[in-house]
Structures are given as structure tokens and as C-alpha cells.
Amino acid sequence: MQEVKIKISVFLASLSNSLFSPFIALFALSLGASKFQIGLIASLTTLFSIIAQVIGTPLSLTFKRRLYFYLIFDSIGALLFIPIAFIENPNQLIALISLQTFFFSLPIQVWNEVLVKSFPKWRRGKEIGVLNKIGSWGSLIAYLIGGYVIRSFGFIPYLFYYAALFGILSNLVILNLNVFFDKKELKKFFKEFLSLELLKEKELRKLIIAISFFNFSVSIGAPMFSVHLIQNLRADGLDLSIVSAISLLVSALFYGAFGKVVDY
């Protein structure tokens, strides 16, 4: 039953995030944003996400039930979809999207621990692959609905209301999830993290360098891809949703199989 709740939560969360996320550039342009401001959205959200994840672990340790730390701050992030519906200029959008990213990222480590604690090691890769596939299908549905609504009616408030609603529901589903967190182990990990002890591990340093280079390579041009589709190819909301959906479908085809390989 616990695993079913997690799967339902992932599906609802993907509906919430994907009703708006593929269309941020289109929304920003509709508010009169410059290319610099669109790039600023991408860079500031990354910065706020990093800051939130660094301070999230010690903050979560102050909660008697660490799952509530996740539920509270993730729900705040979801509720921020409502004021986003009424912003009037790009600077307001940059501020609110950055703040929302901060709240979504603050408890993300707790969610990762929920997944580790909920699935046995021997099939964890397979189950997380299934969760990714479920999230992909939820996002696919949200992309197509969001794209159709935006093409037909524009960025109406109801789109943001439903994004907030699905986000809250995703947290209510796992409200009573029974997950045990070893705080002593976490405190020890965070102490090593602050002292940079972990960076003495050669393989970890290699992994950090590889991930950093990969993220830099992808992110340097990614924010402008949607701008190119909108301004040069005259794409609208539905066109953007179809492009995003194709990417999701390709990924979803391999999530389950790759999860089994990881377990092996």
C-alpha cells in the first residue's frame, strides 16, 4: 500500500509541475521578457535550487517527523502557482519562480530518502524506473492539456489553480507514509559534507566533475531552445507541449529496462 501511495503521489506531482513548466519561456515572452531575462530565470532557479538543497538537510533534522518537512515546503511551492497566475511583468516572474524553486528544492533530499527507505535494494532501480515512467505519463497528459488550454484561451488562472491543486493532493496522498529516518546517520553525513571529507574520495570527485560538465553543456543553450521555437518557428503552447511530449515518450521507453540494469 505504501508503494502505491508513492506512485499516486508521483503521478499527481508530475501533473502539477508539467501544466506550466514547459511554457515558462512562452509565458515570459508574453509578459515582454528579454532574452537576458529568460536566461536569468534559468540561472537563478539553478542557484536557488543549489542553496536550498545545501541548507535543506540540517533544517529537516529539526523536525520530529522529517516527512512533514517535505510536505510543508513542497506544498508552499505548489501554492505559489496561484500568485504566479496574476503577475504583470517579467521581474515578478523571475522573483516568484526563483522563490518557488527554492521551496521545491529545500526538502528534495527528504524525498530521495523516502524512495531509498521504501524500496528494497535488490529492486530499487526497477521501482524508481517505474516511478519515472509514471511521472512521464503524468507529465505527458499535463503537457498536452496545458498546450491545448494555452493555445485556446491563453494563460488563464485556472491552469495555475489546477497546478497548485495537484501539488497539494500529491502531498496529501503520502501524509501518513510510514518511513523511518536515521537522524544520527544523517548528522554524520552532513558533518562530513561540511568538512569536505567526502571530496577526498577520488571516484566521487570524478563524478562531480562529469556531472558539472554535463549540466554546463546542456544548460548553456537550453533556455533559448523554447525561445527559438516560439520566435523563429512560430510555435505556440500546443507545439511546445508536443516537442516536450516526444522527449518524454523516448525517455519513458527506457526507464523500466534501465532500472533493471541498475539492479543487476
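Q: What makes the side chains of serine 139 and serine 18 a polar contact?
A: In this predicted model, the distance between the two side chains is 2.8 Å. A polar contact needs a pair of N or O atoms within 3.5 Å, one able to donate a hydrogen and the other to accept it. The pair is therefore counted as a polar contact, at 2.8 Å.

Q: Why is serine 139 called buried?
A: Its relative accessible area is 9%, and buried means under 20%. Serine 139 therefore counts as buried. The residue is found in helix 8, which spans residues 124–153.

Q: Which residues does serine 139 touch, leaving out those up to four places away in sequence?
A: Serine 139 touches Ser14, Ser18 and Leu248. Contact here means heavy atoms within 4.5 Å.

Q: Is serine 14 buried or exposed, and how do you know?
A: Serine 14 has a relative accessible area of 8%. The limit for buried is under 20%, so serine 14 is buried. Its place is in helix 1. Beyond four places in sequence, serine 14 touches Ile134, Gly135, Gly138, Ser139 and Ala142.

Q: What does the side chain of serine 14 reach at 2.6 Å?
A: The side chain reaches the backbone oxygen of phenylalanine 11. The cut-off for a polar contact is 3.5 Å, and 2.6 Å is within it.

Q: Why is the pair of phenylalanine 20 and phenylalanine 81 called edge-to-face?
A: Two tests apply. The ring centres are 6.4 Å apart, and rings pair if their centres lie within 6.5 Å. The planes stand at 85 degrees, and planes over 60 degrees apart count as edge-to-face. The pair is therefore edge-to-face. Both residues are buried.

Q: What makes this pair a tie between parts apart in sequence?
A: Phenylalanine 20 lies in the loop between helix 1 and helix 2 (24–30), while phenylalanine 81 belongs to helix 5 (residues 81–84), so the pair ties together parts that are 61 residues apart in sequence. Ring pairs also link Phe20 and Phe81 into a cluster with Phe27, Phe104, Phe155 and Phe160. The whole structure has 14 aromatic pairs.

Q: How do you know the class of the pair phenylalanine 102 and phenylalanine 103?
A: The centres are 5.8 Å apart and the planes are at 80 degrees. With limits of 6.5 Å for pairing and over 60 degrees for edge-to-face, the pair is edge-to-face. Phenylalanine 102 and phenylalanine 103 are buried.

Q: Why is leucine 177 called buried?
A: The relative accessible area of leucine 177 is 2%, and buried means under 20%. Leucine 177 is therefore buried. It lies in the loop between helix 9 (157–173) and helix 10 (183–194). Among the residues it touches are Gln2, Ile6 and Val114.

Q: Which residues make the contact between helix 1 and helix 7, and how do the helices pack?
A: Helix 1 (residues 2–18) and helix 7 (residues 108–118) pack at an angle of about 145 degrees, with axes 11 Å apart. Gln2, Glu3, Ile6, Ser9 and Val10 of helix 1 meet Trp111, Val114, Leu115 and Ser118 of helix 7. By class, these are five nonpolar, three polar and one charged residues.

Q: How do helix 3 and helix 12 pack?
A: Helix 3 (residues 35–60) and helix 12 (residues 222–231) have axes 9 Å apart, at an angle of about 140 degrees. The crossing is right-handed.

Notes: Residues are numbered from 1 along each chain as its sequence is written. This is a predicted model: local features need pLDDT of at least 70, side-chain atom pairs count only at pLDDT 80 or more; totals for chains, interfaces and linings use all residues. Side-chain values use heavy atoms; hydrogens and water are left out. Axes are lines fitted to C-alpha atoms, for helices over the stretch in contact, and angles run from 0 to 180 degrees between N-to-C directions. Helices (H or I, at least four residues) and strands (E, at least two) are DSSP runs, numbered from the N terminus. Ala, Val, Leu, Ile, Met, Phe, Trp, Tyr, Cys and Pro count as nonpolar, Asp, Glu, Lys and Arg as charged, and the others, Gly among them, as polar. Buried means under 20% relative accessible area, exposed over 50%, partly exposed in between (1.4 Å probe, protein chains only). Rings of Phe, Tyr and Trp (its six-membered ring) pair if their centres lie within 6.5 Å; planes under 30 degrees apart count as stacked, over 60 as edge-to-face and the rest as tilted. A crossing is left-handed if the near helix is turned anticlockwise from the far one by less than a right angle, and right-handed if clockwise.
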